[in-house]
Amino acid sequence: GFGSVQDTRNLRANYGLSDHHIANRFVISGLYELPFGKGRSYINSGLASHIFGGWALSGVLSMSDGLPFTLSLPFDNANVGTTNWPNRIRDGRLDNWTIDRYFDTDAFVFPPEFTFGNAGRNILVGPGTNNLDFSLQRNFPIRINEGSRLEFRAEAFNALNRPHFDVPG
């Protein structure tokens with residue numbers, strides 16, 4: 001895990017989620033060719049067919065839970081030269097978190113001096129992500145040879161403009 005072991009004589013206390021653990025992740029992508037132009041259902045002849053035909057939409061939607069993180073004390077409370085954790089007196093997760101208060105800080109207290117805390121490694125999970133990448137494209141054949149084409153492509157990354165927050169520091 002990130003950082004060091006709190007108590008080298010009790011490695012079981014360091015048991016926890018992997019630093020890269022993501023419990024749930026969903027990704028879907030797709031391509032949709034618009035039904036306009038020659039050989040399609042709509043606007044299949046004339047100048048409008050050349051302008052509106054051949055376009056396609058594509059996208060990638062990604063949704064995932066956040067990464068776990070460990071709370072640690074800013075000083076060596078146990079006086080052993082390793083990472084020190086606080087004591088956990090209740091769960092610590094908030095149902096309605098804000099950017100200023102991601103977890104319940106009142107759920108963690110300083111352990112007595114010269115003792116190890118009981119909070120554990122990677123006990124809280126950071127904010128997840130929801131992201132949509134989107135593109136609009138069209139291929140134009142080039143009459144150099146049979147396989148030549150020119151592609152026009154407009155892309156929008158994070159199209160819904162959602163902020164992606166890291167774990168609290």
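Buried means under 20% relative accessible area, exposed means over 50%, and partly exposed is anything in between (1.4 Å probe, protein chains only). Keep that handy for the exercises below.

This is a predicted model, so local features need pLDDT of at least 70 and side-chain atom pairs count only at pLDDT 80 or more, while totals for chains, interfaces and linings use all residues. Residues are numbered from 1 along each chain as its sequence is written, and side-chain values use heavy atoms, with hydrogens and water left out.

**Exercise 1. Find what D104 pairs with, and decide whether D104 is buried or exposed.**

Step 1: Get the idea. Side chains of opposite charge can pair when their charged atoms come close. The test for a salt bridge is a side-chain nitrogen of Lys or Arg within 4 Å of a carboxyl oxygen of Asp or Glu.

Step 2: Apply the test. D104 and R90 pass, with 3.2 Å from N to O. This pair links distant parts of the chain: D104 and R90 are 14 residues apart, and each sits in the loop between β4 (87–88) and β5 (108–109). Strands are DSSP runs of E with at least two residues, helices are runs of H or I with at least four, and both are numbered from the N terminus.

Step 3: Check the accessibility. D104 has a relative accessible area of 11%, so D104 is buried. R90 comes out at 42%, which means partly exposed.

**Exercise 2. Work out which residues are linked with D104 in a network of salt bridges.**

Step 1: Look at D106. Its salt-bridge partner is R101, with the closest N and O atoms 3.8 Å apart. D106 is partly exposed at 48%, and R101 is partly exposed too, at 35%.

Step 2: R90, R101, D104 and D106 form one linked network.

Step 3: D91 bridges to R88, and the closest N and O atoms are 3.2 Å apart. Both ends are partly exposed: D91 at 35% and R88 at 26%. Over the whole structure, the search turns up 10 salt bridges.

**Exercise 3. Say which strands β7 pairs with, and in what direction they run.**

Step 1: Use the rule that two strands pair if DSSP finds at least two bridges between them.

Step 2: Go to β2. Strand β2 (residues 55–64) and strand β7 (residues 129–141) run antiparallel and are joined by 10 bridges.

Step 3: Go to β8. Strand β8 (residues 149–156) is also antiparallel to β7, with 8 bridges between them. Here F134 has A156 as its bridge partner.

Step 4: Zoom in on N131, which sits in β7. N131 is buried, at 16% relative accessible area. Its side chain makes a polar contact with the side chain of D133 at 3.0 Å. (A polar contact is a pair of N or O atoms within 3.5 Å; within protein, one must be able to donate a hydrogen and the other to accept it, and residues adjacent in sequence count only if both atoms are side-chain atoms.) Leaving aside neighbours within four places in sequence, N131 is in contact (heavy atoms within 4.5 Å) with V60, L61, S62, N158 and H164.

**Exercise 4. Describe the surroundings of D65.**

Step 1: At 31%, D65 is partly exposed.

Step 2: List the contacts. Not counting residues up to four places away in sequence, D65 touches I22, A23, N24 and G128. With N24 there is a side-chain to side-chain polar contact of 2.7 Å.

Step 3: Compare sequence and space. D65 and F26 are 39 residues apart in sequence and 9.4 Å apart in space, C-alpha to C-alpha.

**Exercise 5. Inspect the phi angles of I43 and F114.**

Step 1: Recall the background. Most residues other than glycine have a negative phi, and most peptide bonds are trans.

Step 2: Take I43. Its phi is positive, about 40°, although I43 is not a glycine. I43 lies in the loop between β1 (25–33) and α1 (46–52), and is partly exposed at 38%.

Step 3: Take F114. Its phi is also positive, near 65°. F114 lies in the loop between β5 and β6 (124–125), and at 53% F114 counts as exposed.
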